[in-house]
Amino acid sequence: MRRAIAWVSWALLCACQDAAHPPTAATADPAKALTCFECHTWHYDQSVNPAHGPVGFGHDCANCHVTDHWAPASGFDHATVWPLTGAHIGPKCSQCHGNFAAKADRACVACHADDYAAAGNPNHVAQGLPKTCESCHTTAAWKPATSVQHQFPITTGKHKLACGKCHEDPSNYKTFTCISSGCHLASKTNQKHSKVNGYNYTSAACLKCHPNGKE
Ligand code: HEC
Ligand code: HEC
Ligand code: HEC
Ligand code: HEC
Ligand code: HEC
Ligand code: HEC
Ligand code: HEC
């Protein structure tokens with residue numbers, strides 16, 4: 001009842017929303033100040049897009065709203081729950097939230113299973129690549145796969161090269177080469193290993209003895 005009276009009197013009193021929402025400093029007694037919900041219960045209950053009660057949004061309207069419009073919910077800082085970065089800045093809310101009926105899933109694969117299934121170069125399904133996309137990709141773009149973790153150092157020194165220099169077959173990143181495109185020529189490399197037992201001139205052997213790209 002207190003709410004209803006308060007709301008009606010405010011609504012009658014205030015032709016404009018600025019008067020409805022005086023600055024806090026001007027509120028004589030903060031203890032008597034009404035919460036957003038007390039005046040806007042009706043709005044909360046009647047909201048359909050999304051239906052706030054059923055989707056479980058809280059009563060603290062100011063967490064998501066400013067006072068001069070309901071949509072978009074621009075009081076809400078998305079980064080506090082899940083940062084929208086890279087290619088996630090553009091899409092409409094509904095592309096991830098539908099009608100907000102359920103919480104959006106956080107796992108990349110939940111929204112990108114189709115992309116995984118369609119990825120041909122390399123063929124993710126055939127190669128059984130992990131479904132933790134974030135271990136190889138960022139939200140910036142699928143190509144290049146900038147988050148791939150190598151034990152072999154590829155981000156510094158002489159091995160800071162384009163992916164294709166070592167992975168000549170873009171359909172299969174399990175294969176790599178140390179000994180083509182003019183790298184580690186046979187004559188020179190064989191000579192350097194003339195005294196090394198168990199040496200042979202194959203890429204797999206190089207990695208086995210030099211997993212960190214060093215002696
Ligand atoms: C004392 C009652 C009262 C309180 C407290 C109150 N409002 Fe309002 N609000 C109103 C009235 C009255 C209106 C204008 C009539 C309407 O649109 O319902 C209004 C309008 C609005 C609108 C619509 C503006 C528009 O132009 O469409 C939004 C958004 C809003 N309030 C948000 C809030 C938020 C967020 C809070 C808490 C920080 C809040 N209000 C606190 C009474 C209140
Ligand atoms: C967790 C965040 C969150 C909270 C808390 C929240 N809202 Fe919303 N609200 C939203 C989002 C998101 C939308 C959709 C905005 C859009 O369409 O751009 C929305 C939209 C609305 C709309 C328009 C919906 C429609 O059907 O037209 C109203 C009215 C509204 N909110 C009122 C409230 C009131 C009143 C409160 C507090 C009692 C509140 N909201 C609390 C997130 C929130
Ligand atoms: C690229 C996907 C994506 C887009 C686009 C996106 N969101 Fe979200 N949003 C998420 C994810 C993921 C969460 C975290 C869900 C959780 O709480 O686990 C989230 C959380 C939220 C929450 C907290 C409440 C809840 O449902 O968990 C609100 C409110 C919200 N988003 C509103 C919006 C609004 C408004 C827009 C458009 C301006 C938007 N989002 C755009 C993915 C997205
Ligand atoms: C809640 C759903 C959702 C989640 C979770 C999500 N995304 Fe997205 N993502 C989208 C939507 C929607 C788009 C824009 C439409 C599209 O391209 O599919 C997008 C776009 C992208 C794009 C650009 C695609 C292109 O074709 O240019 C990349 C890359 C991407 N996301 C990577 C990721 C990664 C990595 C993760 C996990 C860290 C992730 N996404 C989690 C919904 C999501
Ligand atoms: C072990 C690392 C790895 C994981 C995990 C991974 N990817 Fe990839 N992905 C790659 C590499 C490497 C490429 C090729 C990048 C390039 O060509 O620059 C690629 C390319 C892609 C492409 C482009 C393919 C094409 O045919 O053009 C898509 C789409 C893609 N990944 C989606 C995903 C999704 C979705 C997930 C998670 C469900 C995922 N990837 C997990 C390594 C990975
Ligand atoms: C200097 C050579 C070199 C470069 C440059 C290089 N890689 Fe690799 N890559 C390797 C070697 C060696 C391995 C195996 C050992 C390891 O994981 O460190 C490997 C492993 C991988 C794997 C794991 C394959 C699997 O499933 O076992 C992926 C995916 C991959 N690289 C992607 C990339 C991408 C994407 C780039 C470019 C951003 C790149 N690599 C650049 C040498 C290289
Ligand atoms: C059985 C282990 C083994 C294999 C296989 C092997 N290496 Fe080595 N490599 C060594 C050892 C031990 C040294 C140090 C030799 C020395 O100093 O006399 C060395 C030295 C080197 C050096 C010289 C480093 C410098 O500073 O001069 C390079 C470059 C090198 N290896 C590259 C390769 C390449 C490329 C391959 C594959 C074709 C390869 N290695 C295969 C063990 C191996």
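Start by colouring the chain by pLDDT, the predictor's confidence in each residue, from 0 to 100: helix α1 (residues 2–13) comes out lowest with a mean of 48, while α6 comes out highest at 97. This is a predicted model, where local features need pLDDT of at least 70, side-chain atom pairs count only at pLDDT 80 or more, and totals for chains, interfaces and linings use all residues. To find your way, note that residues are numbered from 1 along each chain as its sequence is written, and that chains are lettered from A and ligands numbered from 1 in the order in which they are written.

Now select residues 8–17. Here pLDDT stays under 50, and the model gives this stretch 6 contacts beyond four places in sequence (a contact means C-beta atoms, placed from the backbone, within 7 Å). Over the chain as a whole, pLDDT averages 86, and 87% of the residues score at least 70.

Switch to a cartoon view. How many helices and strands are there? You'll see 10 helices and 0 strands, as DSSP runs numbered from the N terminus (helices are H or I, at least four residues; strands are E, at least two). Take the contacts between residues at least 6 apart in sequence: 46% of them join residues at least 24 apart. Of the 215 residues, 3% are buried (20 or more other C-beta atoms within 10 Å of the residue's own; 12 or fewer is exposed, and in between is partly exposed, with C-beta atoms placed from the backbone).

Next stop: D77. You'll find D77 in the loop between α4 (52–55) and α5 (93–97). Is D77 buried or exposed? D77 counts as exposed, because it has 10 C-beta neighbours inside 10 Å.

Jump to ligand 5 and show what surrounds it (residues whose C-beta atom, placed from the backbone, lies within 6 Å). That picks up 26 residues, with C133, C136, W142, P144 and A145 the closest. Helix α6 (residues 108–118) gives the largest share, 5 residues. The shell splits into 16 nonpolar, 7 polar and 3 charged.

For both shells, Ala, Val, Leu, Ile, Met, Phe, Trp, Tyr, Cys and Pro count as nonpolar, Asp, Glu, Lys and Arg as charged, and the others, Gly among them, as polar.

Definitions and conventions:
Contact = placed C-beta atoms within 7 Å.
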